[in-house]
Amino acid sequence: MRRVRQAIVVEGKHDVIRVRSAVDAVVIPTNGFRLFKDKEKMALLSRLAATQGLIILTDSDSAGNVIRRHLCGCIPAEQMRQAYIPQRVGKERRKTAPSKEGLLGVEGMDSDTIIAALEQAGATFEGGEATPRESLGLTKADLMEVGLTGGANSGARRVQLLKELDLPVYLSANRLLEVLNATVSPEEWATLLSQWEE
């Protein structure tokens, strides 16, 4: 099992179990929205972020997005990496009914999907450094130029792109820009653009 140097933040105890079955890492649950009032947990996360870095790995639903945004507002961006699981319709085995949005959470992902999300986020695995990608260097103006922000159909185009990239469709233009610059190579971006023009 590969060891991840950064601490990984997930939503609940079942997510902790799932991630620990995929990688060897410090995995901290937020316990959902309780994090918002839990000063001790935030102090711990801040300490971990400063000493070893954090990887945020929340569910791909709106609740996961709220928790992710809260953490982004509390911890310096340079101390965090963002890992995203794909939006998959389904229900976890232990549950009797699907979640409110009908999507699988972190606990419903297989090990390969979790490892791929961590790799794409730039996790540092034991015995090696994070694999640096050549940054796209995209700006908000670049997104506007290709119709992903600021236009009449930009929201729909953004959702289409996010689906093609297997990312949560709720990402804002700012978050999409961050994700593209962190995870997509210039060659992959050129290929995406050429497919869109066809």
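**Entry 1: the cysteines**

I began with a cut-off: a disulfide is a pair of cysteine sulfur atoms within 2.5 Å. I kept in mind that this is a predicted model. With that cut-off in hand, I looked up Cys 72 and found its sulfur 9.3 Å from the closest cysteine sulfur, the one in Cys 74, which is too far for a bond. Looking from the other end, I found that the closest cysteine sulfur to that of Cys 74 is in Cys 72, again at 9.3 Å and too far for a bond. My tally of disulfides for the structure is 0.

I also checked how open these two residues are. Cys 72 has a relative accessible area of 23%, so I noted Cys 72 as partly exposed. Cys 74 is at 37% relative accessibility and counts as partly exposed.

**Entry 2: the sheet**

Next I asked myself in what order the strands of the sheet come. I read the order as β2-β1-β3-β4, with 4 strands forming an open sheet and parallel pairing. The edges are held by β2 (27–29) and β4 (80–82); each has a single partner strand, so one side of each is left without a neighbour in the sheet. From one strand to the next, I noted an average twist of 25°.

I reminded myself that strands of a sheet pair through backbone hydrogen bonds, either parallel or antiparallel. Then I went through the pairs. Between β1 and β2 there are 3 bridges, and the two run parallel. Here Val 10 has Pro 29 in β2 as its bridge partner. β1 also pairs with β3 in the parallel sense, over 3 bridges, and I found Val 9 opposite Ile 56 in β3. Strand β3 (residues 54–56) is in turn joined to β4 by 3 bridges, running parallel. In that pairing, Ile 55 stands opposite Arg 81 in β4.

Helix α2 (residues 39–51) packs on this sheet, where I saw the helix touching β1 (7–10), β2 and β3. The direction of α2 makes about 155° with that of β2.

**Entry 3: the two faces of β1**

Are the faces of β1 covered or open? Both are covered. I recalled that in a regular strand the side chains alternate between the two faces of the sheet. In β1, Ala 7 and Val 9 lie on one side, Ile 8 and Val 10 on the other, and all are buried.

**Entry 4: aromatic rings**

I found 1 aromatic pair in the structure. The ring centres of Phe 33 and Phe 36 are 5.4 Å apart and the planes are at 35°, so I wrote the pair down as tilted. Phe 33, at 45% relative accessibility, counts as partly exposed, and Phe 36, at 36%, counts as partly exposed too.

**Entry 5: Leu 176**

My last stop was helix α7 (residues 173–183), where Leu 176 has its place. Is Leu 176 buried or exposed? Its relative accessible area is 0%, so Leu 176 is buried.

Which residues does Leu 176 touch, leaving aside those up to four places away in sequence? I listed Leu 148, Arg 158, Leu 161, Leu 162 and Leu 171. I also looked up Ala 190, which is 14 residues from Leu 176 along the chain; their C-alpha atoms are separated by 16 Å.

Technical notes. Residues numbered from 1 in each chain as written. Predicted model: local features only at pLDDT ≥ 70, side-chain atom pairs only at ≥ 80, totals over all residues. Heavy atoms only, no water. Pairing = 2+ DSSP bridges. Axes fitted to C-alpha atoms, helices over the stretch in contact; angles between N-to-C directions. Contact = heavy atoms within 4.5 Å. Phe/Tyr/Trp six-rings, centres within 6.5 Å; stacked < 30°, edge-to-face > 60°. Buried < 20%, exposed > 50% of the residue type's maximum accessible area, 1.4 Å probe, protein only.
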